[in-house]
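Let's take a walk through this structure together, beginning with a sheet and ending at a ligand.

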Amino acid sequence: MTIYQNLIAGEWTGADAVENINPSDTKEVVGLYASGSAADTKNAIAAAKAAFPAWSRSGIWERHVILKKAGDEIMARKDELGALLAREEGKTLPEAIGETIRASQIFEFFAGEALRLAGEVVPSVRPNIGVEITREPLGVIGIITPWNFPIAIPAWKIAPALCYGNTVVFKPAELVPGCSWAIVDILNRAGLPKGVLNLVMGKGSVVGQTMLDSPDLAGITFTGSVGTGKRVAVSSIEHNRKIQLEMGGKNPMVILDDADLNVAVEAAANSAFFSTGQRCTASSRLIVTEGIHDRFVAAMTERLKSLNVDHALKTGTHIGPVVDERQLKTDIDYIEIGRQEGAKLAFGGELISRDTPGFYLQPTLFTEATNQMRISREEIFGPVASVIRVRDYDEALAVANDTPFGLSSGIATTSLKHATHFKRNAEAGMVMVNLPTAGVDFHVPFGGRKGSSYGSREQGKYAAEFFTVVKTAYTLA
Ligand code: ADP
């Protein structure tokens, strides 16, 4: 089997490889992917550093053309790349193709942004002096990504990094190197100069840690667990390095008595269980007022019965497998914790066998949960959600905000008054009214508050905040 290698200083390299396994069918090896060493990582950082002066001064048209070409190729290959994504991560084929299209759109967006770079010219408070405020590239950016969005998250970090003139060392999650390799190959062929984008696949403890320890990374943009995010933060203080962290969520979805029941059930089922619940914007706390509680639980349970859990590539599959054995164990452990804490298992909770050996788990719904239970406070990252019963809107809002996290927050209601109040008072980076907590646009800011995020927003034109540094220049006229 060929080894998909790392790209360091424009050369494909690496003989040590690991198997990329399909979670829908653990007998299937998706491919062999290089596992980089600390030395590889140091070489990649050195290459990115050497490439920075020229790339940071490259023309905006060159950047536009490369990003546009990459976006176009991803779109042209959406079915093939979507299938690769579904095979390595386990989300369903339609979800995987949708994510691939989004990755393409992100490259198209930043291809456009490259042509829209602008600064400000303002008068000085002193006569005869002009002031220019411009944005310059930050430097070498370390990009560390998780397994749950194997193509979209790399795209939304790589595209702005390159658009604004930075060079990159990119380390994808070990579980899903396939899509990352594919987009790096596409960008490389699109004409990026050697060393501008370096790919080092491999272990977090080796490749990732070497990046954290390097004084040569001017910024690290990270999406992953709270624990690793903290390590990124602590290591970065020492190097005076800029960071952007997207970590966990424990996103609430409030359902009020006056909600349209169908809208509420669709939003909740999507939020909690689509993509196997493996989204940082997934809703795992369904906070339901007592007047609609029993009807909502009955309708949700019916909806869950209609969802097929099966091989990600099979037509008619609504929910693919859990990503790997370790995550499956975490999910099962939390289901047991929920039972012991006294929540009532209203649906699911069991492993399922299918034609192929995979990590199949029923969508699992607890009722009679409280917001103090561990299943309501800790991120599970699987197809597991709990219903928390509350008296009224005021209690619902208080419970929604009573969490260490603050990424996304949703409400189902037909009341303009409550929707407006919730938008203003939800302690979250993103608020959804009558929509799932997950599922966001590619051209507007993405990010959270409290324990979910640190640093400036990702995506849209707000991405410039992280990937550039501001310069203020004064000239005597
Ligand atoms: P998860 O538990 O969801 O896999 P992690 O935070 O462990 O989340 O992983 C997110 C990314 O961080 C992955 O690319 C992983 O390899 C990387 N990573 C893990 N440990 C470290 C570390 N010590 N230093 C840098 N990166 C790491």
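Isoleucine 3 has leucine 32, in β5, as its bridge partner. The model is a predicted one, in which local features need pLDDT of at least 70, side-chain atom pairs count only at pLDDT 80 or more, and totals for chains, interfaces and linings use all residues. Residue numbers start from 1 along each chain as its sequence is written, and side-chain values use heavy atoms, with hydrogens and water left out.

**The sheet**

Strand β5 (residues 25-34) and β1 pair in the parallel sense over 2 bridges; strands here are DSSP runs (E, at least two residues), helices are runs of H or I with at least four, and both are numbered from the N terminus. Two strands count as paired if DSSP finds at least two bridges between them. In the order β1-β5-β4, 3 strands form an open sheet with mixed pairing. Because β1 (3-4) and β4 (17-22) stand at the edges with a single partner strand each, one side of each is left without a neighbour in the sheet.

**The ligand**

Which residues come nearest to the ligand? Of the 18 around it, they are Thr145, Lys171, Gln209, Ser225 and Thr228, where "around" means having a heavy atom within 4 Å.

| Residue | Protein atom | Ligand atom | Distance |
|---|---|---|---|
| Threonine 145 | polar backbone atom | oxygen | 2.8 Å |
| Lysine 171 | polar side-chain atom | oxygen | 2.9 Å |
| Glutamine 209 | polar side-chain atom | nitrogen | 3.0 Å |

The protein covers 82% of the 550 Å² of accessible area that the ligand has on its own, as computed by the Shrake-Rupley method with a 1.4 Å probe.

Two or more residues of the shell around the ligand come from each of α7 (204-213), β11 (219-223) and α8 (226-238). With 4 residues, α7 gives the most to this shell.

Note on methods: A polar contact is a pair of N or O atoms within 3.5 Å; within protein, one must be able to donate a hydrogen and the other to accept it, and residues adjacent in sequence count only if both atoms are side-chain atoms.
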